[in-house]
Amino acid sequence: MRRAPIVIGATILGLAGVLAFHTRPAQLSLPAVPAAGATRRPASGTSPSGTAGRISASPAPGKTGQPAGDTTRSATGPGVNYSYGVMSVKVTVSGRKILKVGIGSLDDGGNLRSESIDQQAIPILEHEVLQAQSANIQGVSGASFISTGFEHSLQGALHALGFQ
Amino acid sequence: MGTVVTIDLYTGPNLAAAEAAGVRRELARASAILQNADEIFSTWQPRSPVSRLRAGNITIAQAPAQVAGVLERCAAARELSRGWFDPWAMPGGVDPTGYVKGWAAQLALAAFTAPCVTGAMVNAAGDIASFGVPAPGQPFRVGIADPAAPRRLAEIAELTGLTQAIATSGTYERGDHLIDPHSGRPAARVASASVTGPDLGLADALATAVAVAGETGLAFIEPIHGYEALIIGFDGRRRWTQRFPFAPP
């Protein structure tokens with residue numbers, strides 16, 4: 001049986017600090033570490049646009065009297081330009097745990113090539129969290145598909161969920 | 001630069017409040033180290049010391065002290081890689097980026113000295129530095145992404161003993177410019193190259209070198225004590241140095 005360690009994870013996007021827990025600690029809850037620095041604009045090539053993150057919330061199924069941290073919440077970051085159009089990142093969390101990171105919306109003006117973006121733009125947190133849980137690995141080396149625009153939208157979604 | 005870095009810390013259960021506070025402080029210190037490295041070495045920020053060095057606006061002596069130290073280590077890596085890693089052959093001026101990412105992550109890892117942290121892993125966009133273990137008796141296991149199918153793992157490596165860092169370089173990484181120092185043009189002879197060893201900075205530089213050199217890169221890795229390499233060809237074929245730390249099946 002896999003013993004659940006207390007794992008504290010921090011995600012640092014460029015100059016901004018975000019604290020995300022990979023595994024919810026049993027007897028410990030840490031407040032978010034303050035941002036390590038001001039947020040900067042991503043490198044040239046992307047121009048973030050669109051609305052701020054929207055939050056939707058749903059209670060964890062089948063449980064009553066749960067601490068507030070068990071509510072599953074999602075947020076979508078701002079739309080950002082990518083090679084074929086505009087996309088946004090959607091993040092789903094439960095408490096301080098990031099459950100899923102993926103593509104929230106994709107507007108490619110009907111360009112067929114962008115249908116493969118789901119395969120290409122592997123969200124690094126989902127990659128690590130989900131694959132680590134299935135293959136008993138603690139990390140993945142290589143495959144850094146994160147585009148600057150993706151990071152910016154991800155940052156926006158995490159910010160909307162109070163992860164900063 | 002926008003490198004995504006994740007830090008995983010493994011502690012026992014029952015962390016006292018004071019211990020948790022200490023870990024939080026060390027996490028903040030590690031963040032500051034990464035941020036500081038980005039501010040100095042980012043070639044995306046035109047006003048960073050390295051950008052200004054590349055533009056000829058300042059000399060090495062006028063740059064922060066870390067720059068000279070990093071360039072010294074890059075020179076050593078160039079020697080070890082027989083010129084296949086060469087920051088001075090990069091277009092636009094000296095570019096230590098292939099070393100700096102790993103170097104910064106290794107430095108950030110050193111911020112964690114609290115005894116309650118029994119294992120730690122800093123993952124800078126696929127370059128990983130670690131110490132300790134995630135659980136008693138279990139070494140760190142790191143998957144190596146399959147360049148042909150990024151949601152799949154090609155291999156799993158074990159990080160243990162003196163081999164607690166792994167860097168992977170490949171043409172499929174966005175924004176990764178692999179320049180062949182001999183021709184000055186973009187080139188890569190394999191889809192991905194992974195190097196393991198004690199220091200992530202050197203592993204990072206060597207992985208960059210092997211990705212460009214291809215199979216001949218294995219020849220300069222073999223004699224480097226403590227470092228091993230694995231290459232995955234465009235046809236999916238794997239080749240590796242004798243003691244590459246594959247995880248037992």
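Colleague: Which residues in H1(B) meet H4(B), and which ones in H4(B) do they meet?
Modeller: In this predicted model, Ala30(B), Ile33(B), Leu34(B), Ala37(B) and Phe41(B) of H1(B) meet Val100(B), Ala104(B), Leu107(B) and Ala108(B) of H4(B). The residues of that contact divide into nine nonpolar, no polar and no charged.

Colleague: And how do the axes of those two helices run?
Modeller: The axes of H1(B), residues 17–41, and H4(B) come within 8 Å and cross at roughly 155°. Angles over 145 degrees count as roughly antiparallel, so H1(B) is roughly antiparallel to H4(B). Their crossing is right-handed.

Colleague: What about H3(B), at what angle does that helix cross H4(B)?
Modeller: The axes of H3(B), residues 65–80, and H4(B), residues 97–109, cross at roughly 115° and come within 10 Å, and H3(B) passes H4(B) in a right-handed crossing. The contact is made by Val70(B), Arg73(B), Cys74(B) and Ala77(B) from H3(B), together with Tyr99(B), Val100(B) and Trp103(B) from H4(B). Those residues divide into six nonpolar, no polar and one charged.

Colleague: Changing topic, how many residues has the largest nonpolar core?
Modeller: That core has 77 residues, and those with the most contacts inside it are Val122(B), Val195(B), Ala203(B), Leu206(B) and Val210(B). Helix H5 of chain B, residues 200–213, gives the most to this core, with 11 residues.

Colleague: What does Leu206(B) touch, leaving out residues up to four places away in sequence?
Modeller: Leaving those out, Leu206(B) touches Ala77(B), Ser81(B), Phe85(B), Val195(B), Ile221(B) and Tyr227(B).

Colleague: Which residues are in the other core?
Modeller: Another core, of nine residues, lies apart from the largest one, and among its residues are Ala75(A), Val89(A), Leu154(A) and Ala157(A).

Conventions
Residues are numbered from 1 along each chain as its sequence is written. Chains are lettered from A and ligands numbered from 1 in the order in which they are written. This is a predicted model: local features need pLDDT of at least 70, side-chain atom pairs count only at pLDDT 80 or more; totals for chains, interfaces and linings use all residues. Axes are lines fitted to C-alpha atoms, for helices over the stretch in contact, and angles run from 0 to 180 degrees between N-to-C directions. Helices (H or I, at least four residues) and strands (E, at least two) are DSSP runs, numbered from the N terminus. A crossing is left-handed if the near helix is turned anticlockwise from the far one by less than a right angle, and right-handed if clockwise. Two residues are in contact if their C-beta atoms, placed from the backbone, lie within 7 Å. Ala, Val, Leu, Ile, Met, Phe, Trp, Tyr, Cys and Pro count as nonpolar, Asp, Glu, Lys and Arg as charged, and the others, Gly among them, as polar. Angles under 35 degrees count as roughly parallel, over 145 as roughly antiparallel, 65 to 115 as roughly perpendicular and the rest as oblique. A nonpolar core is a set of buried Ala, Val, Leu, Ile, Met, Phe, Trp, Tyr and Cys residues joined through C-beta atoms within 7 Å. A residue is buried if 20 or more other C-beta atoms lie within 10 Å of its own, exposed if 12 or fewer, and partly exposed in between; C-beta atoms are placed from the backbone.
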